[in-house]
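Open the model in your viewer and keep the selection tool ready. This tour goes stop by stop: select, look, move on.

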Amino acid sequence: MSLSPASLSPDLAERIQKTINQSRVMLFMKGSPSMPQCGFSATVVQLLKQAGATFGSYNILADNDLREGLKQLSNWPTYPQLYVDGKLVGGCDIVREMAARGELASVVAEPKPAS
């Protein structure tokens with residue numbers, strides 16, 4: 001899947017897409033999992049860990065171009081943003097709701113190998 005709103009340069013759109021696809025479960029957050037720099041990012045990290053997720057992360061505070069471009073691509077104005085299999089799942093409230101309903105663990109679980 002290739003995302004490329006007209007307002008983004010092709011290079012930035014490609015860089016964002018590559019970053020999203022660095023990990024099956026990818027969290028764009030403020031800070032890092034070991035040092036979150038906002039409460040919402042800390043909450044999502046905690047929920048992912050409780051769900052047993054293996055996930056990659058990207059500190060959007062270190063890259064203003066990617067931070068602003070990803071907001072345009074995803075049409076989601078805030079961070080953190082959680083992606084699974086290259087698709088936006090949502091932000092903190094959505095992840096929190098999924099965890100409360102018991103859905104988060106199955107969404108972020110590693111796919112079972114075909115037998």
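**Stop 1**

Select Ala42, which is found in helix H2. Helices here are DSSP runs of H or I with at least four residues, strands are runs of E with at least two, and both are numbered from the N terminus. Ala42 is partly exposed, at a relative accessible area of 31%. Buried means under 20% relative accessible area, exposed means over 50%, and partly exposed lies in between (1.4 Å probe, protein chains only). Ala42 and Met29 are 13 residues apart in sequence, and their C-alpha atoms are 8.8 Å apart in space.

A note before you go on: this is a predicted model, where local features need pLDDT of at least 70, side-chain atom pairs count only at pLDDT 80 or more, and totals for chains, interfaces and linings use all residues. Residues are numbered from 1 along each chain as its sequence is written, and side-chain values use heavy atoms, with hydrogens and water left out.

Next, pick Ser41, also a residue of H2. Is Ser41 buried or exposed? Ser41 is buried, with a relative accessible area of 0%. Which residues does Ser41 touch, leaving out those up to four places away in sequence? They are Met29, Lys30, Pro36 and Pro80. Contact means heavy atoms within 4.5 Å.

**Stop 2: H2 against H4**

Two packed helices are described by the angle between their axes and the distance between the axes. Show helix H2 (residues 39-50) and helix H4 (residues 92-100) together. They pack at an angle of about 30°, and their axes are 10 Å apart. That makes H2 roughly parallel to H4. The cut-offs: under 35 degrees is roughly parallel, over 145 roughly antiparallel, 65 to 115 roughly perpendicular, and the rest oblique. Axes are lines fitted to C-alpha atoms, for helices over the stretch in contact, and angles run from 0 to 180 degrees between N-to-C directions.

The crossing of H2 and H4 is left-handed. In other words, the near helix is turned anticlockwise from the far one by less than a right angle; clockwise would be right-handed. Display the side chains at the contact. H2 brings Phe40, Thr43, Val44 and Leu47, while H4 brings Cys92, Val95, Arg96 and Ala99. By class, this contact of H2 with H4 has six nonpolar, one polar and one charged residues. Ala, Val, Leu, Ile, Met, Phe, Trp, Tyr, Cys and Pro count as nonpolar, Asp, Glu, Lys and Arg as charged, and the others, Gly among them, as polar.

**Stop 3: H1 against H3**

Switch to helix H1 (residues 10-20) and H3. At what angle do their axes cross? They cross at roughly 85° and come within 10 Å. That makes H1 roughly perpendicular to H3. Leu12, Arg15, Ile16, Thr19 and Ile20 of H1 meet Asp65, Leu66, Gly69, Leu70 and Leu73 of H3. The contact of H1 with H3 has six nonpolar, two polar and two charged residues.

**Stop 4: The sheet**

Now show the strands. Four of them form an open sheet, in the order S4-S1-S5-S6, with mixed pairing. Two strands pair if DSSP finds at least two bridges between them. Strand S4 (56-59) and S6 are the edge strands, each pairing on one side only. Neighbouring strands are turned by 25° against each other on average, direction ignored. H2 packs on this sheet and touches strand S1 (25-29) and S5; the direction of H2 makes about 160° with that of S1.

Zoom in on S5. S1 and S5 pair in the antiparallel sense over four bridges. Leu27 has Leu82 as its bridge partner in S5. On the other pairing, three bridges join S5 to S6, which run antiparallel. There, Tyr83 has Leu88 as its partner in S6. Gln81 and Tyr83 point one way from S5, Leu82 and Val84 point the other way, and all are buried.

**Stop 5: Turns and loops**

Select Asp85. S5 and S6 form a hairpin with two residues between them, and Asp85 in the turn has a positive phi of about 55°. Asp85 is partly exposed, at 47% relative accessible area.

Move to Asn75, in the loop between H3 and S5. Asn75 has a positive phi of about 55° although it is not a glycine. At 68% relative accessibility, Asn75 counts as exposed.

Last, select Pro80, in the loop between helix H3 (64-74) and strand S5 (81-84). A cis peptide bond joins Tyr79 and Pro80, with omega about 5°.
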